[in-house]
Amino acid sequence: MRNKKSITAFMLAFIMLLTMPVWTANAEATSGPSVFVNGVKVKYAQAPVIRDGATLVSAKETIESLGLSFTWDASNKRIVGSNGETTVTFVVGQLSATINGVTVFLNTAPAQVNGRTMVPLKPLLDTMGAVATTKTDLISIKTGDPSKTKYFTGLPLQVTNSSIKNLGGNAVNVDYVQYTMYNGDVYTTDYTMTLAAGQKGAFENATNVPGYAIEIDGENHTFLGRAIHGMSKQGEDIPSRSYQLTDRLYASDAFYKDMSNMWNKVLADFKKQLKQELVNNKNVPIQIQASDISYDTMGYPEANIRLKNLTEKKIVAFELSFSCFDSYGDPAKGGYPYNNRFYGKANDAVGWGETYTFTWDLFSYSDTSKISNITIDKVAFSDGSVWKRKK
């Protein structure tokens, strides 16, 4: 009997971000205050809510009331507010955002509430240099000059979390810096992007999020963020007004502390989610997520089963069983004793919260075209404890 573990596991941080649930209005949230911008009340289809001490506001109405255009990127669950040279970018479920491409951390992640996409208010204020006066049930916002904020580059560039767009009428070379950390030291990598008038180009490692691992010269660095260094056009070099500040930002203890706090929160949320999934799985430590049949080079069937460790302990071995059926729906019998129930074992480690796909040969059940009634029968953990299914 052969079992193999396919490479479908990702680093834990990546799993946590992708599996963070879309938050919906519940007992955690309380109705937030009314919002006025320059004396005009913002009309919301979904009222602001308070979560984790932060005010979340409906993205579209608030962004537009501050004088920015609103874009919803459905495929990436991304919100972009921009007036051209000033741009803020959020992603639903992420505890980091960018202002003109610079990483900022959030107390609570953007979320969808009753069909509306909600974002934290404070980064919007920081983007626009706005000032807010808060009372019990009222937030009064006075817009400012975004060109006076610390994030403003002074360059004809629209910078999001993943790309740069040339807003000018001439081709430009844009110099930007990628910041990473390795063994406690901050490293920089310089890049140059050439953009024709109106052209948009993607950053190197465009999908990275602060805290992700990134390979540089064979070493696994931690991605921190980016900053625009400057640009050149027609032989003229133009520095970014924000570069010196952002260069200091990524090397600061405060930035590292904020990033650590973000991942601690993500980790706590993931553990909370994992506990709920365990309860929903009737306290069976392994969740069966999917299964299918494939065939080896000899034409014999293989059972592929994707499973998830729902505990906070490493699994070192487990046993399962499932029923085999042929294409007519009749039992596909084999093995010993001669019936259609297959019993499988695995001695591969499954880290806590991780998802893997295991494959078992079914050459003794050669008529199998589908399987059902998969059950986890026994699980052994690295701490020596064992879980057994109650009979």
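T359 lies in strand β28, which spans residues 355-361; strands are DSSP runs of E with at least two residues, helices are runs of H or I with at least four, and both are numbered from the N terminus. The model is a predicted one, in which local features need pLDDT of at least 70 and side-chain atom pairs count only at pLDDT 80 or more, while totals for chains, interfaces and linings use all residues. Residues are numbered from 1 along each chain as its sequence is written, and side-chain values use heavy atoms, leaving out hydrogens and water.

Is T359 buried or exposed? T359 counts as buried because its relative accessibility is 3%, the limits being under 20% for buried, over 50% for exposed and partly exposed in between (1.4 Å probe, protein chains only). The side chain of T359 also makes a polar contact of 2.6 Å with that of N304. Such a contact is a pair of N or O atoms within 3.5 Å; within protein, one must be able to donate a hydrogen and the other to accept it, and residues adjacent in sequence count only if both atoms are side-chain atoms.

Stepping back to the whole chain, five helices and 30 strands make up its secondary structure. Of its 391 residues, 46% count as buried.

The largest nonpolar core has 44 residues, among which V35, F90, L124 and I141 touch the most other members. A core of this kind is a set of buried Ala, Val, Leu, Ile, Met, Phe, Trp, Tyr and Cys residues joined through side-chain atoms within 4.5 Å. Helix α5 provides the largest share of this core, five residues. A second, separate core has 25 residues, including L307, A332, A346 and F381.

Helix α3 is mostly covered, with six of its eight residues buried: L121, P123, L124, L125, T127 and M128. G129 follows α3 and has a positive phi, near 60°.

Finally, the largest pocket has a volume of about 790 Å³, the space filled by probe spheres set on grid points that are joined across faces, edges and corners. On a 1 Å grid over the protein atoms alone, a pocket is an open set of points where a 1.4 Å probe fits, with protein on both sides within 12 Å along at least five of seven lines, and lining residues have an atom within 4 Å of a point. Of the 31 lining residues, F105, L106, N107, K122 and D126 are the closest to the centre of the pocket. Helix α5 gives the most to this lining, with six residues.
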